[in-house]
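Open the model in your viewer and keep the sequence panel beside it. The stops below say what to select next and what is there.

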Amino acid sequence: MRISIKILSITLVAIISALTAEAFTVRGRIVDNTLKDPVPGAIVTIASPD
């Protein structure tokens with residue numbers, strides 16, 4: 001009984017962590033430093049330190 005509660009708890013924590021890991025939005029604009037114009041076709045990648 002104790003092991004099944006532990007497994008259920010770990011599973012729930014893992015599911016909640018996975019769902020909240022993608023729950024944010026990043027918005028912004030890439031601009032040229034000198035002209036202050038938007039940079040067309042700019043691609044931004046967000047990576048974790050892992």
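**First stop: Ile46**

Select Ile46, which lies in the segment after H1. This is a predicted model, and the values in this tour are computed from it. Ile46 has 57% relative accessibility; exposed means over 50%, so this residue counts as exposed.

**The nonpolar patch**

Which residues form a nonpolar patch on the surface? Select Val26, Ile30, Val39, Val44 and Ile46. Together they have about 450 Å² of accessible area.

Now pick out Val44 from that group. Val44 is in the segment after helix H1, and the helix covers residues 2-21. Is Val44 buried or exposed? Its relative accessibility is 57%, so Val44 counts as exposed.

Arg29 counts as exposed because its relative accessibility is 63%.

Val39 is one of the residues of the nonpolar patch from the previous stop.

**Lys36**

Select Lys36, found in the segment after H1. What is there to see in its backbone? Phi of Lys36 is near 60°, a positive value in a residue other than glycine. Lys36 has 54% relative accessibility, and therefore counts as exposed.

**The whole chain**

Clear the selection and show the entire chain. How many helices and strands are in the chain? There are 1 helix and 0 strands.

The accessible surface of the chain comes to about 5,200 Å². Carbon and sulfur atoms account for 64% of that surface. Buried residues make up 0% of the 50 residues in the chain; a residue would need under 20% relative accessible area to count as buried.

Terms used: Residues are numbered from 1 along each chain as its sequence is written. This is a predicted model: local features need pLDDT of at least 70, side-chain atom pairs count only at pLDDT 80 or more; totals for chains, interfaces and linings use all residues. Side-chain values use heavy atoms; hydrogens and water are left out. Patches are made of residues with over 30% relative accessible area and no salt bridge: like charges are joined within 9 Å, nonpolar side chains (Val, Leu, Ile, Met, Phe, Trp, Tyr) within 5 Å. Accessible areas come from the Shrake-Rupley method with a 1.4 Å probe; for residues, only the protein chains shown count as cover. A salt bridge is a side-chain nitrogen of Lys or Arg within 4 Å of a carboxyl oxygen of Asp or Glu. Helices (H or I, at least four residues) and strands (E, at least two) are DSSP runs, numbered from the N terminus. Buried means under 20% relative accessible area, exposed over 50%, partly exposed in between (1.4 Å probe, protein chains only).
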